[in-house]
Each structure stands twice: as structure tokens, then as C-alpha cells.
Amino acid sequence: MDWQERLNRSLGRTPLGRGTVEVLQWAYDRHLADNRPHRHTFFEVCLVGKYGAGEFIVQDRAHRMGLGDLFIARPGVIHQIVNTGRPNMELSWVSFQWTPAPSGQPGEVDALLRDFADAPMLVAPDGQGQIAALWQALRAVASAPPGAAYEAQHQALATALILGIAQAGAGRERLPDAEPSGPEASDQAARLAVRFI
């Protein structure tokens with residue numbers, strides 16, 4: 001069994017925040033061929049790999065994409081992928097549905113997923129390479145012979161990847177070298193001082 005089959009055998013619903021995410025498919029293509037305009041009832045999020053470039057055409061409007069770009073097909077929206085260079089794009093993608101919690105005060109994860117679902121963003125850069133790294137880690141875990149903790153590793157990496165996608169797709173990527181400010185900086189400075197003492 002290859003890594004992709006192993007990942008797709010572990011599909012299912014996962015609690016995320018107060019809602020759930022259901023992964024429908026993990027997929028990969030070394031040289032994705034152009035496709036026809038189509039739509040889905042779920043999110044389909046793709047990452048352009050180490051080679052290729054193209055256009056993500058959404059409702060007759062072309063959006064350029066290249067190495068390391070993430071592009072998001074939202075439920076019900078007509079879209080198409082067209083290669084503009086050779087070789088054709090290396091592409092990894094995941095299809096999933098998100099079901100928010102029916103009521104109550106949303107937490108941080110719920111707010112992030114709501115922002116992702118409502119955002120107009122179609123193409124986002126994987127600026128720090130975080131999403132590509134998570135995808136590679138998920139593939140590496142699925143490629144190795146399954147050990148005792150395979151399901152836990154798979155679940156943790158899949159959850160981290162979905163949250164990374166949501167951050168990028170909502171336009172809320174956190175910059176790794178950003179310095180905290182205000183009360184957060186004071187709290188951090190106090191913790192460091194106590195630890196030093």
C-alpha cells in the first residue's frame with residue numbers, strides 16, 4: 001500500500017474547535033493535467049510543489065500561481081486549473097468539509113475556521129514553507145511502516161495542516177519572527193524573569 005492509500009484509509013471526522021472537519025480525500029499528482037471547469041460541495045485546497053506554474057480560473061477570472069502557492073476552491077464555486085509552463089505542476093491537495101458548532105461562544109479555532117470559510121482569498125503564498133513542510137511530514141509518516149502511534153501522528157499532522165491552511169486562507173498567517181507587544185510582551189518578559197531567577 002502506498003502512502004496516499006494509507007492516508008485515504010484514515011479518512012473521517014475530527015473535532016476541531018467546537019465543530020468538526022471531515023477529510024474526504026488526500027491526493028497528489030506529479031504532473032497534474034489541465035482540467036475542465038467544475039465545482040464541489042466541499043473545500044479543495046491545493047499546494048503547488050517543486051515545479052510548475054499555472055492559472056487558477058475562478059468564475060472566468062484567472063489567478064496566477066507558481067511554486068509554493070496555495071489555492072482554495074470553495075464549495076459551490078466554479079473553478080479550473082490550467083498549466084502555463086512545462087513540466088506540468090506538481091500538486092498536493094486535500095478535500096474537506098467543515099461543520100461549525102451549532103451555537104455558543106466560538107473559541108480561537110472556531111473563529112479562525114469561520115474566517116477561512118468566509119474569506120475571499122483564492123491564492124495565498126506559503127510564505128514560510130510551513131504548509132509544504134506539514135504536507136511532507138504527513139507524507140513521510142504515511143510512507144513509513146505504520147507503528148504503534150501511527151494514527152495519533154497522522155491525526156496530529158492532519159490537524160496541524162488543516163489549521164495552517166486555514167491561517168493562510170484567512171490571511172492570518174503568523175510571522176515567526178514577530179515580536180509580541182503590549183500586555184503579551186509584558187507577560188512574556190515576566191515569565192522570562194521568573195525563570196531566570
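This is a predicted model: local features need pLDDT of at least 70, side-chain atom pairs count only at pLDDT 80 or more; totals for chains, interfaces and linings use all residues.
Residues are numbered from 1 along each chain as its sequence is written, and side-chain values use heavy atoms, with hydrogens and water left out. Local features need pLDDT of at least 70 and side-chain atom pairs count only at pLDDT 80 or more, whereas totals for chains, interfaces and linings use all residues.

**Salt bridges**

A salt bridge is a side-chain nitrogen of Lys or Arg within 4 Å of a carboxyl oxygen of Asp or Glu; by this rule there are two.

Select Glu-22 and Arg-13. Their closest N and O atoms are 3.4 Å apart, forming a salt bridge. Accessibility is classed by relative accessible area (buried under 20%, exposed over 50%, partly exposed in between; 1.4 Å probe, protein chains only). Glu-22 is partly exposed at 21%, and Arg-13 is exposed at 59%.

Next, select Asp-118 and Arg-114, whose side chains meet in a salt bridge at 4.0 Å, N to O. Both belong to helix 2 (residues 108–118), and because they are four residues apart, about one helical turn separates them. Helices (H or I, at least four residues) and strands (E, at least two) are DSSP runs, numbered from the N terminus. Asp-118 is exposed at 54%, while Arg-114 is partly exposed at 37%.

Now display the open sheet of three strands, which has the order 5-4-7 with antiparallel pairing; strands pair if DSSP finds at least two bridges between them. Strand 5 (61–65) and strand 7 (79–83) are at the edges with a single partner strand each, so one side of each has no neighbour in the sheet.

Select strand 4 (residues 54–58): its antiparallel pairing with strand 7 runs over five bridges. Finally, pick Gly-54, which stands opposite Asn-83 in strand 7.
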